[in-house]
Amino acid sequence: MDRKNPGANFQIVVDGKSLSYRDAMETALEAGIFLKERHPQSEIVVRDTRNGAQTVIGWKNGSAFSGDLTSSVQPSSRPN
């Protein structure tokens, strides 16, 4: 069961399971990269709980990196 922490806006998801929350994007990305370096085969995603945007933490040439932001918000549902 996922519990939303009212003070934290960024969720760290490992292999589809919520692991922790962070209040700042930078610390969430650093934590995600740290996890990816320790577990390169796992899928690590940093999700913004306010708007649903996601950053996938990738692995290439022996080092972790953060990918581009992707949004789960559909273009037709955005306010004008």
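The model is predicted. The chain holds 1 helix and 5 strands. Read from the N terminus, the order is β-β-α-β-β-β. Of its 80 residues, 31% are buried.

**Overall figures**

- Among contacts with a separation of 6 or more, 31% link residues 24 or more positions apart.

**Strand β1**

- Strand β1 covers residues 10–14.
- β1 is largely enclosed by the rest of the structure, because 5 of its 5 residues are buried.
- In a regular strand, side chains alternate between the two faces of the sheet.
- Both faces of β1 are covered. Phe10, Ile12 and Val14 are buried on one side. Gln11 and Val13 are buried on the other.

**Pairing of β1**

- Ile12 has Ser20 as its bridge partner in β2. Val13 stands opposite Ser18 in β2.
- The hairpin of β1 and β2 has 2 residues between the strands. In this hairpin, Asp15 takes a positive phi near 50°.
- β1 also pairs with β3, residues 44–48. This pair is antiparallel and is joined by 5 bridges.
- Val14 stands opposite Ile44 in β3.

**Helix α1**

- Helix α1 spans residues 25–38.
- Its 14 residues should span 20 Å at 1.5 Å a residue. The end C-alpha atoms are 20 Å apart, which agrees.
- The buried residues of α1 are Ala28, Leu29, Ala31, Gly32, Leu35 and Lys36.
- Viewed down the helix axis, these buried residues fall within an arc of 160°, so they line one face of α1.
- The face turned away from the buried side carries the exposed residues Glu26 and Glu30.
- Glu26 lies in α1. Its relative accessible area is 54%; the cut-off for exposed is over 50%, so Glu26 counts as exposed.
- Glu26 and Phe10 are 16 residues apart in sequence. Their C-alpha atoms are 9.7 Å apart in space.

**Nonpolar core**

- The largest nonpolar core has 11 residues. They are Phe10, Ile12, Val14, Ala28, Leu29, Ala31, Leu35, Ile44, Val46, Ile57 and Ala64.
- β1, α1 and β3 each supply at least two residues of this core.
- α1 gives the most to the core, with 4 residues.
- Leu35 is in contact with Ile12, Val14, Leu19 and Ile44, leaving aside neighbours within four places in sequence.
- Ile12, Val14, Leu35 and Ile44 are among the members of the core.

**Points to check on the structure**

- Which residues of β1 sit on the side with Ile12? Phe10 and Val14 do, and both are buried.
- Which residue in β3 stands opposite Val14? The residue is Ile44.

Methods: Residues numbered from 1 in each chain as written. Predicted model: local features only at pLDDT ≥ 70, side-chain atom pairs only at ≥ 80, totals over all residues. Heavy atoms only, no water. Buried < 20%, exposed > 50% of the residue type's maximum accessible area, 1.4 Å probe, protein only. Contact = heavy atoms within 4.5 Å. Core = buried A, V, L, I, M, F, W, Y, C linked by side-chain atoms within 4.5 Å. Pairing = 2+ DSSP bridges. Expected span 1.5 Å × (residues − 1). Arc of directions from axis to C-beta.
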